[in-house]
Structures are given as C-alpha cells and as structure tokens.
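Let's walk through a protein model together, one piece at a time. Keep the sequence and the 3D view side by side as you read.

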Amino acid sequence: MKQKIEELILQAVGVLKAEGILGLEITPHITIERTRDPQHGDFASNLALVLAKPAKANPRQLAEKIIAALPQHEAVLKVELAGPGFINFFINPDSQYQTVSQIHAEGRKFGLSTIGAGKKVQVEFVSANPTGPLHVGHGRGAAYGSVVADLLEAAGFEVHREYYVNDAGRQMDILATSIWLRYLEECGELVHFPSNGYRGDYVREIAWNIHKNSSDQYHRRIEQVLENIPADEPQGGDKEVHIDALIDRTKTLLGPSLYRDFFQFGLDNILEDIKVDLNEFGVEYQQWFSERQLMDNGSVEKALERLRIGGHLYEQDGATWFASSQLGDEKDRVVVRENGQFTYFASDIAYHMDKLDRGFDQIIDIWGADHHGYVPRVRAAIQALGADESKLKVLLVQFAVLYRGEERVQMSTRSGEFVTLRQLRNEVGKDAARFFYVMRRSEQHMDFDLKLATSKSNENPVFYVQYAHARICSVFRQLDEKGLERNLLLGMRNLTGLTEEHEVLLLGTLARYPEVLERAALQYEPHQVIHYLRDLATEFHTYYNAHQFLVEDDGIRNARLNLVSAVKQVLANGLGLLNINTPEAM
RNA sequence: GCGCCCGUAGCUCAGCUGGAUAGAGCGCAGCCCUCCGGAGGCUGAGGUCAGAGGUUCGAAUCCUCUCGGGCGCGCCA
C-alpha cells in the first residue's frame, strides 16, 4: 500500500516537472508515514513541505498542485490537503479487507519480504571467551543477535550466524592452569590458588572429571610446581607475574603433549556447555570460528603481510605497530609484541580479513557496549585491508542490570558467583528471558526485573501477548462446544460487514505487520516487533471485550472469526520470529 | 583529561531518522458483561522531553555549550 502511494506521488512529481513547476534537478526523497490520528487519513506525506524551499513555493499551494497531478487509483478513496501542507491519503476500506484473506493464504509466511534477496550477511554475536559459563550479560547479546539475524532472514537476506571462539591466548592458558591446580587438589595436594586464576565451581568440576577419568598421569608434586615461583599479590607480589610463572611451570612440568590435552579438555568442556546453553536458549549458529585456527594456518601472518604491503605497519620499541591513527583511530596499535607474539587485535584483523574474503555484502559484529573503544581500530583495519568500510556494521548492546523487585541482584565475576544465563533461564524461563532482553532498544541501559518476568499477571507483557493468542484459541474451542459452524469462504465474503471501530483498527494494524518487520530488520531493532505485538494484543483484547464473536448471524460470525484468526496468525508469526512460544491454552 | 552511549509521566520505557494536540505499560483514583477465559476492558489525574543557546515554516529528534548517569581509554582478551 505504502509503495503504491509512493508510485502515485512519483508520477505526480513527474507531471509537475514536465509543467515546469518543479525544477528538473529536484529529486525528492519521498517519505510516507502512517498517520497517528485517523482524522488525518491512513497515510500522510510531507513532500510539499520538503519541496517548498527548493521549488521556492508556498507549501500549501504546492501541495494543491501535487494533489491535482495525482493519478486516480482504486485503493485511494480521497486525498486531502491539511495543516501547513501535508497531503493525507484515505484508503478505500475494501483494500484493508484483503489483508485478512492474504494472511490466511500466506499463513506463516505473512510478513516476510524479499528486500534483502541476493545479499549475504554475516552476523557475529556473543563470542564470549570460553573460560567459563555464559552470564546474564551475554544473554542480552545472544537474544538480540539471534533475533537480528532472524529478522534479516525474514527480510530475505542470506544470513550466516557465527560465534568467534577465542581459543588462543593467555586467558586460555590461565584457564588450563587453573583447572590443573584444582586437579592437583583432587590428587591431594595442598594448593594456594592464585588470586588471578579462575575460581568458579565449574573449574573444580572439570578438574574432578579429569581426575576421575585419568588416574594420576597429570599429577605433579606441589613443591615442584611452586619452586622459585614469584609471590602472589596477597603475599606482596604481582599477581600477573605470579600467574604467568605458574603457566610456564605448568607447561614445563606437563610437557607439550600433556599440556595440550589438558588445555583441550578444558576448552571442549566449556565450549560444549556454552553450545548447549545457547541451544536451549533458542540460539543457533552456522559456524563456530576458531581463533587458534587463524594462528595455526598462517592467516594472521597473511593479514599482517597485506597491511605491510599497504604501508600500514612499522617497527618501534621492538614491536610491530599498525598505523591505525591515520585511519580514524585515536592512536596506533601493537600487532606483534616485543616477545614476538601476536596481540589479540592481530588475530582479529585476520578474522575480519577472512570475513571479507568470504564475500559477505554486510558484516555485522554485535558486541557488549564496553567494547565500544575497539570499534575505530577494527574500522581502520577494514580500510587498511582495502575493503569498503561501510561493509562493517558494529552494533553495541548495553548491559542489563538485574533486579528482583526493588532489590538489585549483585553480580561478581571475581568471586565466581556471577549469575549465569542458565540460572536466569531456570528462574524466568526461555520465553520471558528472550522477550525481556529484546524488549528495549539495544543501546538503552536496561533494568531486567526477574520478579516481573516470572509474574503471571497483567503486569507481565509476555503473558499479555501470549494470553491474546491463547484466548483466540479458546474462542475456537468454544465454537465447537456451542455447536456453531465455521465457514471460511462465507467469512471472507462477509468481511465488508466488519465496520465496527475496533474492527477497522485491527485491520489497519494487521496490514502494518510487514512494514514493522521490514523496518525492524533494516534498523536492527527487534524491540519494534515487541511493541507491535503489544499493540496488536491490546487491540484484540479491547475488541474481545466490546463484541461477541460467536454470534448467531452466520455472515458476521464467520467474518469475525476470520479476522480473529488472522490476528492469531500474526501473533504466532511475530512471537515465532522472536523464538517465543505461542500457547493454545495457559 | 579525552572518546562513546544515555537523560522523555512517580517507576520502566516507546516516539516511524525534522512533522500535526509528546504516547504505552506499571503504579494511583474511579468504574465494567447473568454473555466467547476478569491473566481482560473502560475513564481520569499525572510532562518546561535534564538546562541554556542556535539552525527553520516546524525540534524530544540536528548543531554548540553546561549539568547529571553509565562505559571505555594496555605490547590484556
């Protein structure tokens, strides 16, 4: 509908240009909006207001000329000039009725579009270090990322979902060493656990598992381990120096092969846990991309070589630097350390080169907002690699603060007592968790009230929307019990009988769904879908209270049932897209 | 100190990329079917869009400054 009006306006502009009223050089950006106030019709355009200046004309007079030049169309009932120069379009109600039959015909596919057809998009999200279970902060990224990906798919894009696994680097060595020390405890050694180690219970569990299945082959005496190790922080030393020495000692005592096994076992364990966790949360990936693989197969060298050829690298203080400050970053960044090791950033450059080489039209990185300082350097890298910088889109997700009613839920990573995503799911369930995470704009700091999410009352928006769906299902159950018939075709023929205010409103809202999906997808804003579904549910509940559906009159009854079942379909489509259940009864 | 995000009703938040009288939910004050699920609906009170300038026909939205909150500024990942 929106498109049709746009075409009509475009034709009118063409006519005015031919008549010399508008300069030929003027190419207006036509915006058509749905009106907020029904008195203003169904759609409105501010074209005349926008063109008034370049055309050097009075906006109202210009609007009149545009209206006069507008071709007739069966779907447009009338066009009005209003206010300072708005052009308001009143749609022929008959065309609104078509959406009901369209929804019935298209079913689950209603709302999908093809604007993204032929375009490949990669969405990378969560990508938490595999050093422990996902916590509630990752949950928002997971929910947001997966819905953005699904929205893009609904808009016709070919979507590739990816998790970047940071399975190389010091953090992983710290993990392996932490597990090993816990393992030694299992063997009966008395260990002073390093202050910088991973203290969570999961580390003990993994250690316990290894010990159970491996007899004592990794056992070394604690005196051997601690010999000449610099003091930890509580003993007046430096915790970083302490843990690095412990890592080296672990590697030496176990030897490359055993260390590798140990490292791998910890990694596999945690990664598997993350995969199961995300899966249960309704999040699927096409690929789990290994950072270590980039290190091992020479991709990092290749990426740096490409930067070197482009003249973006230089040596200083024994390290290799990327001159990112020339490409918008605030300062240059080290890519190869003095000790010869690549930085995390170096492998990230290689990762993004790999993304570019795979031929995606758009690369979307979804990060926690605390990483925002990282954006300019990655952008710089994209440019230095010779790619179009606009291919990269970074979406930042703010943290969620958990509350239980009024009381703030404390999180502490250090003590290992943080709230995990799994705990959250167990407490509020998948549906409420996903709904709440995605309910707010991603850049918005969010208060997540656990008590509200679990309450089975009208305070809880999840239940409100789901209830609308269940209520419609209940109506259809009642149909049988009352011994009334349903006739789909008869209902379609009588749709024009739906002239009540509530019905007209619902028809308009149903017709809006595809537009909402499209906007939400192109702007990466899942919360728009949530707001839409709440609106739709509200309008349905209002309608339900105002009118009986199961009436004696066959024509009206069947028309209303068709309308209501279209509402049910759209609720199911919307909730389905968010990966939230649509219960038939609650 | 510099950079990014945010500031809208008592609370939690929308606000369609600059449009018409700023909207929801919760909370509060009143109400509603002998009838398809009251997990619902209706009505009302509640706002200097943090503040001050500017841009223009028109600003919550764009620009500048100030105030307040969050987060970043490693040869960590």
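Tyr-344 counts as partly exposed because its relative accessibility is 39%. Here, buried means under 20% relative accessible area, exposed means over 50%, and partly exposed is in between, using a 1.4 Å probe and protein chains only. Before going on, note that this is a predicted model, in which local features need pLDDT of at least 70, side-chain atom pairs count only at pLDDT 80 or more, and totals for chains, interfaces and linings use all residues. Residues are numbered from 1 along each chain as its sequence is written, chains are lettered from A and ligands numbered from 1 in the order in which they are written, and side-chain values use heavy atoms, with hydrogens and water left out.

Back to our starting residue. Tyr-344 belongs to helix H12; helices (H or I, at least four residues) and strands (E, at least two) are DSSP runs, numbered from the N terminus. Which residues does Tyr-344 touch, leaving aside those up to four places away in sequence? They are Tyr-164, Asn-166, Glu-291 and Tyr-374, where contact means heavy atoms within 4.5 Å. Glu-501, on the other hand, is 157 residues from Tyr-344 in sequence and 60 Å from it in space, C-alpha to C-alpha.

Now let's look at a sheet. Strands of a sheet pair through backbone hydrogen bonds, either parallel or antiparallel. Two strands count as paired if DSSP finds at least two bridges between them. An open sheet is built from 3 strands in the order E8-E9-E10, with antiparallel pairing. Its edge strands are E8 (313–316) and E10 (333–336), each pairing on one side only. From one strand to the next, the twist averages 45°; axes are lines fitted to C-alpha atoms, for helices over the stretch in contact, and angles run from 0 to 180 degrees between N-to-C directions.

Zoom in on E8 and strand E9 (residues 319–322), which run antiparallel and are joined by 4 bridges. Tyr-314 stands opposite Trp-321 in E9, while Leu-313 has Phe-322 in E9 as its bridge partner. The hairpin of E8 and E9 has 2 residues between the strands, and there Asp-317 takes a positive phi near 55°.

Helix H11 (residues 299–309) lies across E8, E9 and E10, running at about 95° to E8. Helix H12 (residues 344–357) packs on the sheet too, touching E9 and E10, and its direction makes about 80° with that of E10.

Next comes another sheet. It is open, with 3 strands in the order E14-E13-E15 and mixed pairing. The edge strands are E14 (407–408) and E15, each of which pairs on one side only. Tyr-403 shows both pairings: its bridge partner in E15 is Asp-449, and Arg-408 in E14 stands opposite it. Strand E15 (residues 446–449) has a covered face, with Met-446 and Phe-448, and an uncovered one, with Asp-447 and Asp-449.

Let's turn to charged side chains. A salt bridge is a side-chain nitrogen of Lys or Arg within 4 Å of a carboxyl oxygen of Asp or Glu, and by this rule the count comes to 27. In one of them, Glu-124 meets Lys-355, with the closest N and O atoms 2.8 Å apart. This pair links distant parts of the chain, 231 residues apart: Glu-124 is in strand E5 (residues 120–124) and Lys-355 in helix H12.

Another salt bridge joins the side chains of Asp-173 and Lys-251 (3.6 Å, N to O). Asp-173 lies in helix H6 (residues 170–186) and Lys-251 in helix H9 (residues 239–280), so the pair ties together parts that are 78 residues apart in sequence. Is Asp-173 buried or exposed? Asp-173 counts as buried because its relative accessibility is 14%, while Lys-251, at 33%, counts as partly exposed.

Helix H9 also holds Asp-273, whose partner Arg-422 is in helix H14 (residues 421–428), 149 residues apart.
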